[in-house]
Every structure is written in C-alpha cells, then in structure tokens.
Amino acid sequence: MSSRVAQICDVESLLDRLPDFANKNLRNFIADVFDQALVSAYATQINGAWAFGCSQPAGHSLLDWSLQAAEQAWRHPALRAWEREVAATAALIAPCGLAGFLRDRPDRNPVSSLSRDARKEIAARRLVILEAALRCLRSRDADIGRTLGAVLDVTNDEELDRQQVARITAAIGCMAVL
C-alpha cells in the first residue's frame, strides 16, 4: 500500500486508486472534498498504530491508513453493495479534519496527544471541509448524502435508518470518530 501512496500526488491519481463505485455521486463527492491541499495533508506520516484494526506499521501516512480502512469497508460482509460504497467513502473521508490538524502540528502524535480540545478542533475542521461537498451530494442523491453525513457524524436526520447507519459505522470502526 505504501507504493500506492507514493504515486498519489493529486486528486485524479487518488480517484484512480479507488474501487469502481456503482454510485458515481460518491466518486464525485470524493473529488469535491479532496483538493491538492487535502491530498498533501493526507501525506502526513503517522508515528504509531493509532487505528484499531489497521495493520499498517508505524511511519505510514494518513492516506495509507485511510485507503486500508476503505478497502476493508469495501469488503465488509455484513453490508449491502451500496452500503459498502458509503462505508469505503466514509473511511477515506473521516480523517479529513485530522489531516489538517496534524499538518499544522507536525509534532503531535495522534496516539497520545489528542486532548478534548484537539478532538473538538478536528471535528470542526471536518465539518468545514465536508459541508459544501455534502450539500452537493445531498442535492444529487439525498439518501446517500444523508446516510454518509450521519456515518461521519456531521449531520443528524431523524428519518434515517439508525440500524443501517450503525452497520456502516461499525464497518469502518474507529475511522468514523476521527
């Protein structure tokens, strides 16, 4: 997987590495979220195994972790095909707030130094990054947009199938809380 990251230097090369989504709106959403600055921020090296269930050794980038989590979600046996696509997208996108936070604070180790205030800042950054792209996704596919927003914990819709959201969130594990 690390050779994969070495080849990812822009949004198009990232999109080329993703599975072929049946729902093209999710692929467009990913393209809407990732700009060159976010791709660069995802290149941040992570020192330590911070993501439970991820098997990347220390010293890999946030993108390594995210792509591995997306692949695991894509293969999750308890999900329907479209739910796998939402889970893979969420796993890739979930650390977007963390990416900028770590880029701006290269001395921080996410394993040991994320205080309550840091976690609030990461959540706020994620909301800012995702707000416009989620709005566009909801205008193209309301159900997928609402479900993805709930999985990423940036929207709250009472009419969603909470069991479905829980299944998708469980498939991406701790990535959802980043």
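User: Why is Phe21 called buried?

Analyst: This is a predicted model. The relative accessible area of Phe21 is 3%. Buried means under 20%, so Phe21 is buried.

User: How many aromatic pairs does a search of the whole structure find, and what makes the pair of Phe21 and Trp74 stacked?

Analyst: The search finds 2 aromatic pairs. In the pair of Phe21 and Trp74, the ring centres are 5.4 Å apart and the planes are at 15°. Centres within 6.5 Å make a pair, and planes under 30 degrees apart count as stacked; the pair is therefore stacked. Phe21 lies in the loop between helix H2 (11–16) and helix H3 (24–33), and Trp74 in helix H5 (residues 62–74), so the pair ties together parts that are 53 residues apart in sequence.

User: Why is Trp74 called partly exposed?

Analyst: Its relative accessible area is 27%. Buried would need a value under 20% and exposed one over 50%, so Trp74 is partly exposed.

User: What makes the pair of Phe34 and Tyr42 edge-to-face?

Analyst: The ring centres of Phe34 and Tyr42 are 4.9 Å apart, with the planes at 65°. Planes over 60 degrees apart count as edge-to-face, so that is the name for this pair. Phe34 has 3% relative accessibility and counts as buried; Tyr42 has 1% and also counts as buried.

User: How do you know that the buried residues of H3 line one face of the helix?

Analyst: The buried residues of H3 are Asn25, Leu26, Phe29, Ile30 and Val33. Seen down the axis of H3, they fall within an arc of 145°, so they line one face. Elements covering these residues include H2, helix H4 (36–42), H6, H8 and H9.

User: What caps the N-terminal end of H3?

Analyst: Asn23 does, with a side-chain oxygen 2.8 Å from the backbone nitrogen of Asn25.

User: Why is H9 described as largely enclosed by the rest of the structure?

Analyst: Of the 10 residues of H9, 7 are buried, so the helix is largely enclosed. The buried residues are Ile144, Gly145, Thr147, Leu148, Gly149, Ala150 and Val151. What covers them includes H3, helix H6 (81–93), helix H8 (116–140) and helix H10 (162–172).

User: How do you know that Thr147 is buried, and which residues does Thr147 touch?

Analyst: Thr147, in helix H9 (residues 142–151), has a relative accessible area of 3%. That value is under 20%, so Thr147 is buried. Not counting residues up to four places away in sequence, Thr147 touches Trp82, Val86, Leu160, Gln164, Val165 and Ile168. The side chain of Thr147 also reaches the backbone oxygen of Asp143 at 2.8 Å.

User: Is Asp153 buried or exposed, and where is Asp153 found?

Analyst: Asp153 has a relative accessible area of 60%. Exposed means over 50%, so Asp153 is exposed. Asp153 is found in the loop between H9 and H10. Its phi is near 60°, a positive value in a residue other than glycine.

User: Why is Arg126 called buried?

Analyst: Arg126 lies in helix H8 and has a relative accessible area of 5%. Since buried means under 20%, Arg126 is buried. Arg126 and Leu152 are 26 residues apart in sequence and 9.1 Å apart in space, C-alpha to C-alpha.

Terms used. Residues are numbered from 1 along each chain as its sequence is written. This is a predicted model: local features need pLDDT of at least 70, side-chain atom pairs count only at pLDDT 80 or more; totals for chains, interfaces and linings use all residues. Side-chain values use heavy atoms; hydrogens and water are left out. Helices (H or I, at least four residues) and strands (E, at least two) are DSSP runs, numbered from the N terminus. Buried means under 20% relative accessible area, exposed over 50%, partly exposed in between (1.4 Å probe, protein chains only). A polar contact is a pair of N or O atoms within 3.5 Å; within protein, one must be able to donate a hydrogen and the other to accept it, and residues adjacent in sequence count only if both atoms are side-chain atoms. Contact means heavy atoms within 4.5 Å. Rings of Phe, Tyr and Trp (its six-membered ring) pair if their centres lie within 6.5 Å; planes under 30 degrees apart count as stacked, over 60 as edge-to-face and the rest as tilted. The arc is that of the directions from the helix axis to the C-beta atoms.
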